[in-house]
Amino acid sequence: MAAVLKKRALAEYCQTIVEDAPRPAKRLQLVRRGRTVDQSEFTAATLNSDDPEKLLPALADLHNAIPLTNEIQNQVINELMRIIQSDSQPAIVISKTLAVLAAIVTTHTHAQSVFEDVMSIGQRSKSHKVLAQVIHTSCSLAQCDPCDPKMQDQVIHLALSLVTSTKFIVLVRSLEAIGSLCPLEVGSVQASITHTLLTHTTHQDNRVRTAAFNSLLLIQDKGVPIPTEAYDSACVALSDDYQSVREAALLIIKVVADTDPERLLPIAASDDHMRLVDHAFSQLCSVVHDISVRVRTQAAALLGTLNSVSEKFLQQTWDKKLISNMRRKRSAHERARAMVSSGEWSTGKRWADDAPKEQVAAESVSIISTGSCGAFVHGLEDEFLEVRNATLDSICALALNNAQFANHSLDFLVDMFNDEIEEVRLKAIQVLQQVAGLVTLRADQLEEILHALRDSSLDIRECLHTFLATTILSTISSVKLCVNALLENLRRYPQDRRSIHRCLRRVGMNHPTLVQALVAELLVIHPYFDGVEPSVQDPEYICKLILVLNAAVKCTTILPLLEQHTLRHYAYLRDTMPQLVPVLKLGEEWQPSRVLVSTNTLQFLKESVARVGRLDRSSTQLRMTVYQTVYSDLIKLADIDPSLSAAAHFAASYTECLLLFGKILSTRNWLTPSLLSMQQTGALKANVDRLLRTTFRLRHAFTNLSPVEEASIRSLRVRTLALQLVYVVHGSTGSALGLCDNFLEHTEALHRYLTDEGLSADSFLEGVFDELSQLEEPRPGAVARILQPLLLTHTIPPVTPVLHPVQVHMCSAEIIEPQSDSETIHKLSAGLVVGVPLDAEITHIPDPSTLRVRVCYPDHCTQLVVPPRSHLRQVGEGTYRLLTTVLLSAQVSWSEACHVSISLVLDLSDQEVLAARRHYSLTNKADDSATIIQLGKPVKVLVWPKTVRKGI
Amino acid sequence: MPEIKVTPLGAGQDVGRSCILVTIGGKNIMLDCGMHMGYNDERRFPDFSYITEGPLTDYLDCIIISHFHLDHCGALPFMTEMVGYSGPIYMTHPTKALCPVLLEDMRKVAVERKGETNFFTSSMIKDCMKKVITVSLHETVQVDKELEIKAYYAGHVLGAAMFHIRVGAQSLVYTGDYNMTPDRHLGAAWIDKCRPDLLISESTYATTIRDSKRCRERDLLKKVHDCVERGGKVLIPVFALGRVQELCILLDTYWDRMNLKVPIYFTMGLAETANKYYRMFITWTNQKIRRTFVHRNMFDFKHVKPFDKSYMENPGPMVVFATPGMLHAGLSLAIFKKWAHNSNNMVIMPGYCVQGTVGHKILNGAKKIDFENRTSVEVNLSVEYMSFSAHADAKGIMQLIRHCEPHNVLLVHGENVKMEFLKQKIMQEFNINCYKPANGETALISVPTNMEAEVSLPLLKHTLATPTPTMTPPNPATIAPTTTTTTTTTSLTTPNTTMARSLTTTPAGGHEGVDNTHTRVKKQKVLHGVLIMKNSSLRVVGVNEAWGELGVSPHQLRFTERIEVDHGGPVPTLTSALHTVLAGKLGGAMVQAVNEYQLSVADTVCVNIHEDDPGKTILVSWTHQDEALGGKLLDIIRTTYAK
């Protein structure tokens, strides 16, 4: 201890403090990038200089500023012409000027004026860079709209005269120019162009070779036939040292094979001939072994684009002879096939079950693959996912045209399920799904495929479900295997319920007789003994029922097999999930009653709407009562008939608005709130708010409306805003400027809309338009004074009868996961977050970017969460599926688990009512309900933030 | 003719150890320095005394180690520290990191378990590693002025590389061990079209063409999955490096994909140390790992946990990786004994098993295994075999040859019979020579001599700019002989300088070097110049340049011929008549009238017409370069105006 103290004492004495000079404060240096000149700022004056050092940056700025406005353009062109005509400028300035010129001049009239000058530089200049740019620029000038054949001729002649140049850049530009300007009509020019291009495909410089091939492609695209020798030189170029040449050559081979597939080519060292398309296919196949990834990818992708390839060549692509120590060996696929076809059994206990069999003669083995041998096998084994993906795409394209090929590809596709990269796995399954209709699965293959159902990726499982729904199984055992795998899938991943239901429905429909054989086993029916009645809450039992009932539609012999309770369950399912369970031909007692009643919902809807319309002159009291009844009727109707739900909601909301208007306007003294009782004030305010919300919803949640309906909604909205304005002006002390602006904006928009659509405004609007046009300065007070009498005198036109009730779309959302009645408690440490997986389906959403997840905590604070774009996937026309994780958090711990409600909403705050919001944000800050639209019911989840344990 | 000499000190027609001595362009290089794992005496190391009498450092220019397997680097400390070599040693970064780990492990086994003496020590390993110079992929390292080496990715194991070695114009590629198909953690070998004179390739699987790996992997994974699903335990006996990492990744990602919760255990020790390095050298792994490592390093296994002996007794399913790989001793055998009786369990043998080991017995279907201490175990568990080999198969070897286009191939690291087959195939398919020397046997590979000549730039530019006289692209085969006949006209000898007027053909563009016999034949051009050989350098310069440089005054050789012509009219008419005749025969562009008395043909031959007393004389004069044209002209004039 003493030692320590001593040490410490010494340490303290010995300590010397050297005081540094106060450090200069670190200066923050902000690097500001040079401003790029935008078009409005660019002035032609900067070009008015002869100093190359100033000119060059000015030219670069100009290049960035394109496109230019018309007046500047003329000025700039003049300046540029001045630059190129001066002989003193260095080559770099001239060529940059020419490049800029090519980008600016897009019209024929301008092009004509500068063309001659540009061409003349070509004669004067010694620099090859300038020369190259001259060709480039003049070529693009000659292509200005409309084309000028005379200019084009001149450019072609210039370019053709320059192909003897030794500078690659001049050559490349010349070849490009003659490629893009090649005339369509047959003649000496065309002939010399094709000849020039052809001879340059063997030029010493790789860039020139590439340009020659690309130009050949270009003229082929235009419809000029390219010489047959081009194909040969492209084949030779496949072994070029440079990948850009190989890439260009691949494309040439592809287009030639497309245009002239049946030409016969002699096979070297024999008298036989082969079709060009076959030859091209095998050439492409050999490039799948290329050294460069880019070339391999392109070759693999192009393989799928050749259509009429002979069967023989296609089959070869799967060919790979395996040998082990010079003995022939069967591949795993062959072994699997043999096991099924011959009934041979593997003991599973012996090592080297796959021991190589017969000896192979050394001469007969070819290790180098020739022709199309094994191209796809190789492509699928490639190191890079780009190549593998391209190969899969090609396989898909070819398999769709050729059932036998599809069957061959099956084994390999299944192998790809085991790829290390998910993207590839998914693609393999998608390919499989697409060819599902063409293949018949063997039991062992099915087993391998079903194994993938255990995958944790939702996409893969759902893809497989779709695949299983389309494919045709051949035996009872396969169906059984499939059903069992799906049930296991359900146990493992309960969230797949809906997808599995859909899948089983199709499986049942596709294999009625095979399912029949399984009915007793699946539903545990015993010939003598009565089994226990299964619970309809059991998800597996539901699945089985869906399968059996759907099979029973086609195979009526299943029906007598079913037990009484099964039929009762049928009635239940028919009620709860009508889209999954079909109508069976059963006795009356088993049919759910609703099916028999002929529904007149449509008529009812129309009558209800008409009833509202007839009320024009009735007393206020009566009107209110009728509105109320019609409103509640329509809401019920929406529940009853899903097909009319949107229309009914639409009509109901409209009626509700009428009702609210009536209520508000009939409130005595509504314009002088000081005379109202507290209760009345509250009710009035609530009604105004509700009216605003309802009209807002009408305006934004419904789509596919006819113009008349649209107009009536918009005018209703305007009327509501007018009411609000009047109410606020009279009732509160705050400024109503924002509201007034908002109202005027809407009114103007509506006016435009009406004139555009050629519709007439109703009496209220006419009055408003008239009065407003006479108003000198639209101040809130003045506007309100105009509106007040108009509001009171003009009654609202009743609901326009919905013209096509079935067509009206209402944006709605259904939250599938989490389920509302779930008892699970999400626990978290206070201050941290917990993720709740959300799975929802949104239909008829007008603009997906406005979708938000609204999280409402028990303390009434709400959050709007923007779901990531990638989590929202489109599943159908206007239908989206949102698969995301909602993050919940709380800063303090709660004493018990509380409900947090999650709902999907449309957030239109940035589209509409900005002005209104400005007003509202003054009055009540937290309320965002004015700018959002609830979609569907909120789901409540139990969340329990706990205290952070100290001392971790 | 220069030669490349290759002498395998190991790996010649066998797979035991790799150690190859190469002499190329006067440089002596040792490729790999492995030890034989089968021997315990001095036979395990290469016979270094064979190399040279004197000290190794003077003789060898460098050592190149392709990867960290002991049969490729095991003898390195012995050579550097005990035999004595202090020259440069080249290897890649991961190899340098992992090599000492393995060497140390082997040393421990040899010295501490087997009790060997006369073995290198830990400090020797460290000293040896200090001499190592690391190379990065595709980095060209200049060993000395003439010798340069460049590494290419080889797959096989982490850090394995192929080396391109160049001395002057001669070059060779040594592949080491390589793999042309990617696996779960490494990519495929890649090389560019370097066209070496010699390719030294391994040939372990010379007579095998393998099935797709994916299918086998899927099979294995399904079996493991089914086994743990029914509550069984899976034992995977492995060796510490290479395959374990691959299997771990395979299972780890599969566990992730399938959402499995069953524990996977992994014995600590050497493999754990190795994992640390695997985590660091992400750039050497395959596409998947490289793409995802920012998100998560694949070697930070999510589901693989360290194993403790007590876990053996735990109930419930589990997967265990245990060493050693052939079930002959240690932990893996202990676990096997415990689990063998239960038919729910499974053992997966991921590699080859030597005869006599438990692994070999169970692979052959033994139902009961007896041990030394009179105990025996019933084998009820299922036995699976899955070979994960990281060598290129025959197709892969051929593909590599096709990619790099060598002029000769030399096979090592394989069995003689198998090599013979592959050798035949290579000679047949590529039409190139193939060698397979045995250990201690020297293969001499003759390479073509390339003389590099410097061509002066103005000459080159001038030649490229002038269009070739013939309209069609000239065929070098036909042009060359005719032009060479005109070459040896004058020869001038000055002390120490030989000057010869010559015509050389160059590949146009000249960027490919002078050697164009094996490359694509491009448009060729005839170059007219003077070849100057001076101080062992070759230069081709323009004629005038050469004159200036050598201080020789130019002489011009002219032939003049007089032809007496019988012609009545005045001279101009004769001139114009001659003009039309010649223009008709030679083409209008060639013939030009200079004045009334003079014509010029092709700018060089002049034809003068004189008024002589009896008749007229035509005087034709040409330089010796225009011999052919002059002769032709003479003929024409003679036949037309002959007396």
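How many bridges join β29(B) to strand β30 of chain B? Let's find out as we walk through this predicted model.

## Before we start

This is a predicted model, in which local features need pLDDT of at least 70 and side-chain atom pairs count only at pLDDT 80 or more, while totals for chains, interfaces and linings use all residues. Residues are numbered from 1 along each chain as its sequence is written, chains are lettered from A and ligands numbered from 1 in the order in which they are written, and side-chain values use heavy atoms, leaving out hydrogens and water.

## A sheet in chain B

Strands of a sheet pair through backbone hydrogen bonds, either parallel or antiparallel. In chain B, five strands make an open, antiparallel sheet in the order β28-β32-β31-β30-β29. Here strands are DSSP runs of E with at least two residues, helices are runs of H or I with at least four, and both are numbered from the N terminus; two strands pair if DSSP finds at least two bridges between them. At the edges are β28 (558–565) and β29 (591–595) of chain B, each pairing on one side only.

Now for our opening question: four bridges join β29(B) to β30(B) (residues 598–601), and the two run antiparallel. Within this pair, A593(B) stands opposite L599(B).

## A sheet in chain A

Chain A has an open sheet of five strands too, ordered β8-β15-β14-β10-β11, with mixed pairing. Its edge strands, β8 (825–829) and β11 (862–865) of chain A, have a single partner strand each, so one side of each is left without a neighbour in the sheet.

The partner to look at here is β10(A) (residues 851–856), which pairs with β11(A) in the antiparallel sense over four bridges.

## Where the chains meet

The size of an interface is often given as the accessible area lost when the parts come together. Chain A and chain B bury about 5700 Å² between them, 47% of it on carbon and sulfur atoms; this is the accessible area (1.4 Å probe) that two parts lose on being put together, summed over both. Chain A brings 62 residues to the contact and chain B brings 66 residues, with contact meaning heavy atoms within 4.5 Å.

Eleven salt bridges are found across this interface, each being a side-chain nitrogen of Lys or Arg within 4 Å of a carboxyl oxygen of Asp or Glu. One of them links D226(B) to R454(A), with the closest N and O atoms 3.3 Å apart.
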